[in-house]
Amino acid sequence: MSGGPLIVQSDKTLLLEIDHPDAQACRMAIAPFAELERSPEHVHTYRLTPLGLWNARAAGHDAEGVVDSLIKYSRYPVPHALLVDVAETMDRYGRLQLVNDPAHGLVLRALDRVVLIEVAKSKKLAGMLGAKLDDDTIAVHPSERGRLKQALLKLGWPAEDLAGYVDGEAHPIELAEAGKDGVKPWTLRSYQREAVEAFWAGGSGVVVLPCGAGKTLVGAAAMAEAKATTLILVTNTVAGRQWKRELIARTSLTEEEIGEYSGERKEIRPVTIATYQVLTSRKKGAFTHLDLFGARDWGLVVYDEVHLLPAPIFRFTADLQARRRLGLTATLVREDGREGDVFSLIGPKRYDAPWKDIEAQGWIAPAECTEVRVTLTDAERMAYATAEAEERYRMAATARTKLPVVKALVDRHPNEQVLVIGGYIDQLHQLGEYLDAPIVQGSTTNKERERLFDAFRSGEVRTLVISKVGNFSIDLPEAAVAIQVSGTFGSRQEEAQRLGRVLRPKADGRQAHFYTVVSRDTIDTEYAAHRQRFLAEQGYAYTIVDADDVLGPSLPSFD
Amino acid sequence: MTTSLADHLRTLSDESLAALLRLRPDLVVPVPADVSALAIRAQSRVSVARALDGLDQFTLQILDAARLTRHPEEGGTSVDAILALATTGPHPPAPTAVRGALDRLRALFLLYGPEHDLHLVGGVDEVSPYPAGLGRPAAELAPRAAAVCTDPAKLRRTLLAAPPSARAILDRLAAGPPVGTVPPGALEAPATGTEDALPPDLVNGGAPTGSPIRWLVEHRLLVRMSAVKGGGTVELPREVGLLLRRDSGPLGPLRTSPPVVATPPREAKAVDSAGAGQTMEVVRQTEALLESLAAEPAPVLRSGGVGVRDLRRLARGLGLDDSTTALLFEVAYAAGLVGELDLTGAATTRYGGDQQILPTGGYEVWRASSLAERWEQLARAWLTMTRQVGLVGQRDDRDRPISVLSAEAERAGAPAARLAVLAILADLAPATAPTPDEVLELLDWRAPRRARGREAAHREVLAEAAQLGVTGLNALTSYGRLLLADVTEADERADDPLGLLSDAESGEPSTAVRALDALLPAPVDHFLVQADLTVVVPGPPDPTLAGELDVVAEHESAGGASVHRVTTASVRRALDAGYSADDLHALFRRRSRTPVPQGLTYLVDDVARKHGGLRVGSAGGYVRSDDEALLTEVLADKRLEALAFRRLAPTVLATPYQVQRMLTALRDAGYAPVPEDASGATVLARPKTRRAPARVPVATRGLDPLAAPRLPMPRLLGVVEQIRRGEAAARAARRAPAVVRGGAARTGPAPAHTHSDALAVLQQAVRDKALVWVGYVDAHGATASRLVRPVSIGAGYLRAEDERTEMLHTFALHRITAAVLED
């Protein structure tokens with residue numbers, strides 16, 4: 001018995017006790033093949049999946065190495081059957097290869113003829129394979145490359161893609177680490193550097209970093225690595241402009257080199273930032289803007305907030321397999337369960353860092369999460385008790401009783417920039433009036449939004465009430481307190497994204513506060529528990545307090 | 001020769017004779033009457049076969065050498081002759097190795113006699129007819145073949161001239177066995193002019209070759225032994241075989257020592273660790289299997305065994321594949337952990353069987369023992385069970401699937417196969433990890449006669465051993481080795497019939513258990529609680545901790561550690577089970593090695609706060625009133641004490657007694673209660689008098705029950721109309737004359753109306769176009785009659801028109817019985 005930090009479970013999860021002295025070394029050893037699933041404070045959970053093992057094979061790790069590190073760090077004997085299973089799974093990778101044949105273009109070549117025969121017979125691959133060139137080779141149309149890879153993955157015979165990537169149209173891009181136009185010199189953070197290196201080595205893939213940890217810079221560094229024309233897909237116009245600002249400040253790119261392709265403007269330049277919305281807009285049932293993908297010979301496609309990637313883009317991404325693709329996200333949990341599609345179309349997860357690690361390094365602000373439970377008045381409880389099932393969440397979430405609690409919370413942080421985030425417009429208007437604060441919602445124009453955000457950044461506006469538009473991609477570095485009053489049911493990633501709004505490191509290293517106000521004994525509490533799961537698994541321990549503690553005369557001292 | 005072996009045996013000392021009997025124990029079952037009987041038995045086919053079964057490949061080859069070097073007439077051979085033959089090959093074995101093999105053969109008395117005059121026992125030739133895989137000498141086979149073989153130069157030339165396909169056949173037969181079956185037609189001369197795959201026969205002057213076998217037979221390189229419809233068998237003469245074996249030596253390739261395992265050895269620690277991990281896994285899976293059997297016992301099929309559907313269900317529940325589940329099931333049965341229970345009475349299952357499989361009492365004992373002991377019980381059961389689990393799921397001779405625990409999977413040789421395979425592993429250096437193919441190769445060398453044809457079974461043994469953790473990473477584990485030694489020693493304890501040396505009864509764990517125990521993690525009594533409300537037990541929990549966690553948390557993942565999650569439901573379950581919130585806080589504080597997160601504390605308090613917020617009970621009846629004072633009076637009323645009122649709320653009293661009794665008691669006490677029904681409405685109750693069921697009074701009946709009923713006029717008119725209509729119908733339906741109707745024609749006195757008369761009548765009717773009654777027998781043999789107007793007669797048929805239906809009918813004339821003109 002080695003007394004290592006790792007415990008291997010029968011269901012192929014790996015438990016890593018992080019207080020163990022060898023924990024760090026063990027994490028480095030298992031990270032290439034095991035996927036981090038949960039990272040609460042004491043025991044992190046990794047999972048061995050076929051996909052993870054195959055990615056490890058693709059990155060040059062062999063089964064022997066995987067088995068060795070499992071045995072080396074395992075506290076208890078590892079079951080023989082599991083080791084055999086690992087070896088067998090990894091052995092399935094690369095029996096088929098996608099290669100560029102000088103004569104026939106893209107072909108599927110078999111190192112194991114039987115596998116090719118089995119695969120060629122499968123109905124799932126019907127139409128993806130072309131003519132049989134010889135016993136070991138089948139022609140593949142380049143446009144089917146993505147779909148074929150995905151289908152082979154589902155059949156359990158992942159193909160090794162040796163066909164490489166097109167370089168795209170070259171365009172000089174450098175990181176301006178020396179400083180530029182008044183920006184102080186800076187350097188890429190170590191984890192950003194690691195993320196870019198992992199991405200570049202893998203060719204395509206997804207980088208998962210917490211909100212506020214500087215994903216834009218990972219994108220910029222990847223562009224500097226590619227030195228080619230780049231298409232950046234973002235969620236909305238405001239986010240697009242933030243990207244543009246950041247790119248101008250942090251890279252050698254100038255304003256003229258960056259185009260915006262949105263509902264307002266349709267510029268195609270060496271670096272083009274497009275919104276998902278405009279790409280998925282249809283005219284007479286046809287996607288009119290998908291030509292953008294072919295407008296230039298893009299060398300790199302960056303997907304911001306890849307967890308929100310809409311389904312039509314999924315389909316189109318399948319055709320882009322010859323181009324390098326970088327997905328950026330903080331929370332790869334999709335409530336539609338399509339995480340697997342993201343991995344197979346954009347690429348596997350190339351880098352993932354536990355939030356608490358980044359926090360420990362000081363790159364995101366430490367945050368204290370508090371759930372405030374409000375007791376409904378008897379009248380509200382009565383109304384709730386008799387409400388229809390579909391109305392219940394709205395009733396509980398928008399209870400008026402929450403207003404004084406929100407006010408008390410805002411007052412508790414008199415010197416901080418406070419965001420109040422909610423999902424129901426009526427409630428936001430009530431809050432706006434009650435707190436005397438401006439509101440940013442879906443119908444607010446881009447111009448007005450920019451104005452309010454600028455005012456908030458400058459400190460002119462101290463409290464801002466925002467709707468779901470604030471769920472992602474708005475950069476409000478000075479916000480230190482977020483108060484969530486209602487949300488989209490039990491969405492885990494929404495909760496994480498909202499927390500992300502306050503995670504930008506503060507100038508003086510202050511702590512960030514995240515409050516979520518829920519109605520006690522209602523469905524609101526249940527949804528809140530579900531919403532918190534992702535963050536709880538990232539090690540954010542919610543403190544639950546009663547509203548009376550917030551409202552009461554004797555306020556507990558909060559640092 | 002028999003006598004000479006007997007003579008030889010007689011000269012032996014007691015010890016030597018005992019040594020022989022020790023090596024060949026089958027000779028003494030039953031004990032032979034005398035030495036000559038012993039000698040006869042030692043030369044019998046069965047006993048010799050047994051002796052040969054245990055020999056390794058090299059020794060068998062040396063035995064073959066002895067057979068080949070026998071003097072044709074006297075049958076004797078010598079050590080020198082054998083040595084000379086064995087060392088003629090390109091890689092001659094060391095003479096000492098050959099001598100060693102000879103010593104083994106002589107010890108077994110397969111060879112006997114002095115070194116210069118060795119004799120073989122008789123049975124050997126019967127057991128294996130072809131020494132060293134060589135055919136009989138050509139002289140014994142066919143004179144013409146012998147003629148070819150006498151001229152080595154010509155023989156060589158013929159061989160060199162053989163076309164490649166023929167040469168391939170020769171090489172195959174030369175490697176042994178030397179007999180091949182010929183497909184029908186292969187020996188026929190090819191039809192002239194047909195295209196042939198083989199080039200023309202140069203030796204035979206360019207004649208077409210035909211099949212390669214035909215070529216070989218034609219050239220006397222093969223001798224045809226029997227002919228069956230153009231096919232049959234052919235044998236390769238010994239001389240040709242020896243010539244073909246020039247490169248490998250007359251006995252074929254000789255290997256004095258077992259093949260070497262090329263796979264690099266593992267670390268002993270890694271092997272033990274992988275095996276130990278597997279033992280934990282197999283014990284855990286077995287326990288899960290038994291638990292699910294306890295929850296839902298598996299019905300026994302009528303034909304024996306457990307059906308595939310139940311096996312699948314169990315496998316799905318465990319998350320295992322069918323074959324692993326079958327193995328665990330069989331092992332648990334062999335270990336006495338599950339057994340059949342007869343279902344009494346009519347409680348038959350849907351399969352019609354009347355037995356169920358469920359855990360036995362032994363399971364309780366097993367569950368209480370340590371992990372290593374539990375594993376040992378399973379592993380011992382596996383080693384000794386006479387079951388070949390690999391057969392489960394395959395089909396038997398009658399193409400029916402073989403089910404778990406059924407008689408079809410019973411194989412008496414299974415334990416021997418397991419021991420043979422594991423012995424191979426045990427004989428290798430510790431942590432040597434041969435691949436299955438290498439193990440089979442070793443088995444093939446060690447006892448070729450036993451290994452051949454059992455490769456599948458041996459592979460199964462290897463797979464099962466890995467599954468059970470007896471091996472790890474393909475190598476035998478240290479504790480597996482000890483267990484194996486223990487099991488094989490058990491046989492040798494026969495020397496100790498009184499069990500004096502045995503420690504089995506001493507209650508001490510066996511060495512294997514102790515070795516395994518050292519590898520397994522010790523139980524832990526603490527856990528780690530995290531903010532996401534998961535509870536991780538970093539090792540196997542001790543029984544009390546496991547019991548506590550079963551109540552307060554949901555199980556999430558098992559293995560080396562176990563992960564549980566505290567949920568609202570699990571906390572409520574704990575509260576239901578009698579824990580208070582404080583108990584739960586104390587439990588988490590005591591067991592957790594990390595600070596208890598505030599979220600968990602809050603969850604427990606929150607659930608506890610709500611726990612019991614609703615109270616449910618049963619009552620026979622209640623009393624409610626808006627007047628609280630009145631209820632207080634009722635509660636305090638001494639006369640109503642017997643009703644045992646309990647005040648549920650200021651306005652409600654409850655009693656365990658029924659409403660009627662309460663009503664009576666309350667009324668007796670002078671109150672004025674009103675009963676309510678389930679919806680709260682007042683139940684009005686007037687005093688009821690009892691009545692018998694209603695009866696029809698006599699007065700409503702008619703005066704004279706026997707008088708005919710009187711009919712009113714409209715009804716009478718209706719009756720009349722009905723009669724008239726019937727009359728009209730009867731008139732319309734003219735009846736056929738009696739003679740035409742069935743039966744009457746034959747019995748009645750009207751011979752004139754015979755068949756020929758009928759024909760005459762019909763012919764006349766055709767001319768007159770008159771209506772005729774025709775009587776006939778229909779296809780079903782029934783008689784019928786019809787009024788028709790004949791149209792024509794011809795070709796044996798009458799065609800006639802039925803005026804009423806306006807249809808043309810055709811009657812077969814031979815079926816017409818009568819015909820009468822309509823008047």
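Start by selecting F109(B), which sits in the loop between helix 7 (95-107) and strand 2 (111-112) of chain B. Helices here are DSSP runs of H or I with at least four residues, strands are runs of E with at least two, and both are numbered from the N terminus. F109(B) is not a glycine, yet its phi is positive, about 60°. Is F109(B) buried or exposed? It counts as buried because it has 23 C-beta neighbours inside 10 Å. The cut-offs: 20 or more other C-beta atoms within 10 Å of a residue's own means buried, 12 or fewer means exposed, and in between is partly exposed, with C-beta atoms placed from the backbone.

A word on what you're looking at: this is a predicted model, where local features need pLDDT of at least 70 and side-chain atom pairs count only at pLDDT 80 or more, while totals for chains, interfaces and linings use all residues. Residues are numbered from 1 along each chain as its sequence is written, and chains are lettered from A and ligands numbered from 1 in the order in which they are written.

Next, jump to K769(B), in the loop between helix 34 (755-768) and strand 19 (772-777) of chain B. K769(B) also isn't a glycine and has a positive phi, of about 50°. With 10 C-beta neighbours inside 10 Å, though, K769(B) counts as exposed.

Now select helix 15 (268-295) of chain B along with helix 19 (residues 371-384) of chain B. At what angle do helix 15 and helix 19 of chain B pack? The angle is about 80°, and the axes are 10 Å apart. Axes are lines fitted to C-alpha atoms, for helices over the stretch in contact, and angles run from 0 to 180 degrees between N-to-C directions. The two helices are therefore roughly perpendicular; that label covers 65 to 115 degrees, while under 35 is roughly parallel, over 145 roughly antiparallel and the rest oblique. Colour T279(B), M280(B), V282(B), V283(B) and T286(B) on helix 15, then L371(B), R374(B), W375(B) and L378(B) on helix 19, to see who makes the contact. (Two residues are in contact if their C-beta atoms, placed from the backbone, lie within 7 Å.)

Stay in the area and show chain A. Here 34 residues of chain B are in contact with 31 residues of chain A. Helix 15 of chain B gives the most to chain B's side, with 9 residues. That side has 16 nonpolar, 16 polar and 2 charged residues. (Ala, Val, Leu, Ile, Met, Phe, Trp, Tyr, Cys and Pro count as nonpolar, Asp, Glu, Lys and Arg as charged, and the others, Gly among them, as polar.)

Time for the largest nonpolar core, which has 126 residues. Such a core is a set of buried Ala, Val, Leu, Ile, Met, Phe, Trp, Tyr and Cys residues joined through C-beta atoms within 7 Å. Helix 15 of chain B supplies the largest share of this core, 10 residues. Among the members touching the most others are L14(A), V66(A) and V571(B). Zoom in on V571(B): beyond its neighbours within four places in sequence, it is in contact with V552(B), V566(B), L584(B), L603(B), V604(B) and V607(B).

Last stop: G500(A), in helix 20 (residues 492-500) of chain A. G500(A) counts as buried because it has 25 C-beta neighbours inside 10 Å. Which residues is G500(A) in contact with, leaving aside its neighbours within four places in sequence? Select P210(A), C211(A), G212(A) and A330(A) to see them.
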